[in-house]
Amino acid sequence: MTVIFQPYQLADLALPNRVVMAPMTRSRARSHAPDDSTAQYYAQRASAGLIIAEGTQISRQGQGYLWTPGIYSDEQLAGWHRVTNAVHDAGGRIFAQLWHTGRMSHVSLQENGRAPLSSVDSQVSTNWPVFAYDEAGNPAQIQASPARKMTVEEIHATTGDYVRAAENAIAAGFDGIEIHSAGCYLLDQFINGALNTRDDEYGGEKIENRLRFVLQVVDAVSKAIGSTRVGIRITPEGRIHDATAYPSEHDTFVTLASELSKRNLAYLHIFDMGISPELLADIRGAYRGTLIIAGDYTKEKAQAAIDAGKADLVAFGRPYIANPDLVERFRNDWPLAVAEHTAFYGGDDRGYTDFPTYKAA
Ligand SMILES: Cc1cc2nc3c(=O)[nH]c(=O)nc-3n(C[C@H](O)[C@H](O)[C@H](O)COP(=O)(O)O)c2cc1C
């Protein structure tokens, strides 16, 4: 038995193995609420040590793409309850990923056509479209709208939205929540020193100012549901959604890791989008707690990463789309199915709940 199949105690949660299903947006929630297909999809994948469900907006304001689910209305909560029940009945464990996309949004998704919010006035380039309504009212990949700099009051109100979303997640039966602070979405738009040039206590050159919002959210959510039920995902040195490098980037993420280390969280989750080995090692050194790593892992690479002490758990994204029984396939060295990219986002149950287990196939 190799290490990835050994149990792991994640705070109060006993994981049967170290294989995590990474959060993946699948854009099938036409009414922005999960449904029976969502429940079936996650239950099929319940043999994962831990499932981290898809990015889920904490509020209408936090939405950046059509057909992603939220966790703020009664209908959404009822839908999530069906999902968590199905996963638990199948023997699994599941966290919700709490998402606010910040400037990665469009006026057609916002209440009364308001501008999306961010750390500063800014607009993402056409390289990184969002999925929203075009001028004719049709769903389309279009450029994000110009975003407006948040006021301090709005920062506090949004912190409150994270708290309500976390409380909702627990009420809906999730085992915990992951704060989505990755991918240059809202919280990362505050962390990034190239983007966040605010001149108040929430931005500018000082690292502690750029980390203030994310740590405020971590603390508020921890107070509400207990720190050991709170994980957080980051993408240090990620270059997605127009995120660019800045001189204090390395120090920013090491400082964040050491601040998070004081907070007795469930875990820190790094999505490796090209992080340097030096920064990864420094974060590992600064963060005393469970570290999850994701990004292009195979069974062998995952095993090697855990053996080398680089991480405690490894999350798999794309392999989970077509292999609901990924753990069993790894365990038995069965071949992996490969999903068509066209089925990743949107559509119906095809490419979603219709992938058989290896044995069934
Ligand atoms: C279809 C798809 C949707 C994704 N959606 C999310 C998301 O909602 N939240 C997130 O943090 N990462 C998201 N990711 C990134 C994955 O969690 C994962 O980190 C990435 O796919 C790299 O892992 P892999 O090489 O095993 O696929 C998504 C990836 C894919 C392929």
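Within what distance do the axes of helix H7 (residues 249–261) and H8 come, and at roughly how many degrees do they cross?

Modeller: This is a predicted model, in which local features need pLDDT of at least 70 and side-chain atom pairs count only at pLDDT 80 or more, while totals for chains, interfaces and linings use all residues. Residues are numbered from 1 along each chain as its sequence is written, and side-chain values use heavy atoms, with hydrogens and water left out.

The axes of H7 and H8 come within 8 Å and cross at roughly 20 degrees, where axes are lines fitted to C-alpha atoms, for helices over the stretch in contact, and angles run from 0 to 180 degrees between N-to-C directions. H7 is therefore roughly parallel to H8, a label given to angles under 35 degrees. On the H7 side the contact (heavy atoms within 4.5 Å) involves His250, Phe253, Val254, Ala257, Ser258 and Ser261, and on the H8 side Glu278, Leu279, Asp282, Ile283 and Ala286. The crossing is right-handed, the near helix being turned clockwise from the far one by less than a right angle.

H8 (residues 277–286) also belongs to a right-handed β-α-β unit with strands E12 and E13; right-handed here means that, with the strands pointing away from the viewer, the path from the first strand over the helix to the second runs clockwise. Helices (H or I, at least four residues) and strands (E, at least two) are DSSP runs numbered from the N terminus. E12 (residues 267–271) runs parallel to E13 and is joined to it by 4 bridges, with Phe271 having Ala294 as its bridge partner in E13; two strands pair if DSSP finds at least two bridges between them.

E13 (residues 291–294) sends Leu291 and Ile293 one way and Ile292 and Ala294 the other, and all are buried, meaning under 20% relative accessible area with a 1.4 Å probe, protein chains only. From E13 the chain goes on through another right-handed β-α-β unit, made with helix H9 (residues 299–307) and strand E14. E14 (residues 313–316) is parallel to E13 and joined to it by 3 bridges, and Ile293 stands opposite Val314 of E14.

E14 in turn pairs with E3 (residues 19–21) in the parallel sense over 3 bridges, Met21 standing opposite Phe316. In this way 8 strands close into a barrel with parallel pairing, in the order E3-E4-E5-E10-E11-E12-E13-E14.

How values were computed. Buried means under 20% relative accessible area, exposed over 50%, partly exposed in between (1.4 Å probe, protein chains only). Angles under 35 degrees count as roughly parallel, over 145 as roughly antiparallel, 65 to 115 as roughly perpendicular and the rest as oblique.
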